[in-house]
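Subject: Structure handover

Hello,

Here is the structure we talked about, with the sequence alongside. My notes on what was found follow below.

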Amino acid sequence: MALVKLQTQHFRNLAPDTISFSPSFNLIYGVNGSGKSSVLEAIGYLGLGRSFRVSRHQAVVAHGQQKLTVFGGLDQGLETNPTSDKANPERLAHRLGISRDIGQKETLLRVDGEAVRNLSLLAMHLPVSVIDPGVFDIVAGGPGKRRQFLDWLVFHVEPSFSTLWQQCQRVTSQRNKTLRNGRLDESLLRVWDAQYSTLAEKLSDARAAVFERFKVAFDEVLQELDAGWARGLKMDFYPGWDRSKPLTDVLLGHREQEFRMGHTLYGPNRADIRLKLGGRPVAETFSRGQQKALVILMKIAQGKVLSDQGKQVTFLLDDINAELDVRHRQMLARKLQALRCQVFITSIEHPEPEVLWPEGDAPEYRMFHVEHGKLTEEKTGEPPQESH
């Protein structure tokens, strides 16, 4: 599915107008502070339930306001009609809404006019994948970034994963409280160990199964890349403990260590995607440019897994001109076009489709100029607008 309508109220500096988008590519430009990144942020709210730029909801609501609302209309996009790139805004498949009252700390969620309680019910309709300057920490950052990367894909392949993950988080939290209570309560820890281990096995099975599908897609994408490092790259899933042993035995064998640290050290909360070249982590051996290329390929492989399932991913590419050279931008645009993804690209400069698609095979796209939070669509061939 694709997001073809967006309306916000009190979301940063965005105007409350209803905007219609293409189910294919949307090119958005404007000066810094004009609101172009805020458009992507609002879209991300519908698919992620949070901002991908900041952690605090208070930073997103417009100045002087206490409540923000984001509404989105989805159509079937390019999923079921391979011959058409045109959206029909009058035939929406789903309507999504999210409202946050900052003062009351309340969140209201709606799907097709009905109130729902779980953010996953919104997210399942709109798989949103973000490529912005922070995303390159997937390679350079800690295991948490790579876990989050994998879990996003697992959720969209296996929707029941969300409930399992939440259950495991609750048990982990209770187990950590027991480890920090000042005395080693062995009987209570054994109760938590049993519950934690059962959930950990199921969670890790789901991750491992989806990782194998991801790795197949990644290897296919990698084979098309003409780069020396691509041939020696090794990617493996580490579940968070040695699965040749029962997790209950691993936890019991490291009881004193966990008690000293005050938290759980083994299990799915320590899972990782390990990326190595010549036996060494790529974070230590790859240049910054190689790391960026690797993350792009990983994101494309994510999209391929879902595309093979008939799902259309909405990619948010925020200010990629500042992070990627022309060659990598062209590769990304070409691959996402082939996967029939919906794509939003922001830039300071006026977009040049002939640069992204030099072969002259550009997809259907819409172009927007943003100024003071207001989007204005430009017709193809119009000269760029000047910002004031």
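A residue is called buried when its relative accessible area is under 20%. By that cut-off, six of the eight residues of strand 1 (residues 2-9) are buried, so strand 1 is largely enclosed by the rest of the structure. Please keep in mind that this is a predicted model.

Strand 1 has two pairings to look at. With strand 4 (residues 67-75) the pairing is antiparallel and runs over seven bridges; Gln 9 has Thr 69 of strand 4 as its bridge partner. With strand 2 (residues 19-20) strand 1 also pairs in the antiparallel sense, over two bridges, and here Ser 20 of strand 2 stands opposite Lys 5.

Six bridges connect strand 9 to strand 10 (residues 272-277), in the antiparallel sense. Asp 236 has its bridge partner, Arg 274, in strand 10.

On the helix 4 side the contact is made by Phe 149, Trp 152, Leu 153, His 156 and Val 157, and on the helix 11 side by Met 298, Lys 299, Gln 302, Val 305 and Leu 306. Sorted by class, this contact comprises seven nonpolar residues, two polar and one charged.

One single residue is worth a note. Thr 314 belongs to strand 12 (residues 314-317). Is Thr 314 buried or exposed? Its relative accessibility is 0%, so Thr 314 counts as buried. The side chain of Thr 314 makes a polar contact of 2.9 Å with the side chain of Gln 342. Leaving aside residues up to four places away in sequence, Thr 314 touches Met 1, Ile 43, Leu 126, Pro 127, Val 128, Ser 129, Gln 342 and Phe 344.

Regards

Notes:
Residues are numbered from 1 along each chain as its sequence is written. This is a predicted model: local features need pLDDT of at least 70, side-chain atom pairs count only at pLDDT 80 or more; totals for chains, interfaces and linings use all residues. Side-chain values use heavy atoms; hydrogens and water are left out. Contact means heavy atoms within 4.5 Å. Helices (H or I, at least four residues) and strands (E, at least two) are DSSP runs, numbered from the N terminus. Ala, Val, Leu, Ile, Met, Phe, Trp, Tyr, Cys and Pro count as nonpolar, Asp, Glu, Lys and Arg as charged, and the others, Gly among them, as polar. Buried means under 20% relative accessible area, exposed over 50%, partly exposed in between (1.4 Å probe, protein chains only). Two strands pair if DSSP finds at least two bridges between them. A polar contact is a pair of N or O atoms within 3.5 Å; within protein, one must be able to donate a hydrogen and the other to accept it, and residues adjacent in sequence count only if both atoms are side-chain atoms.
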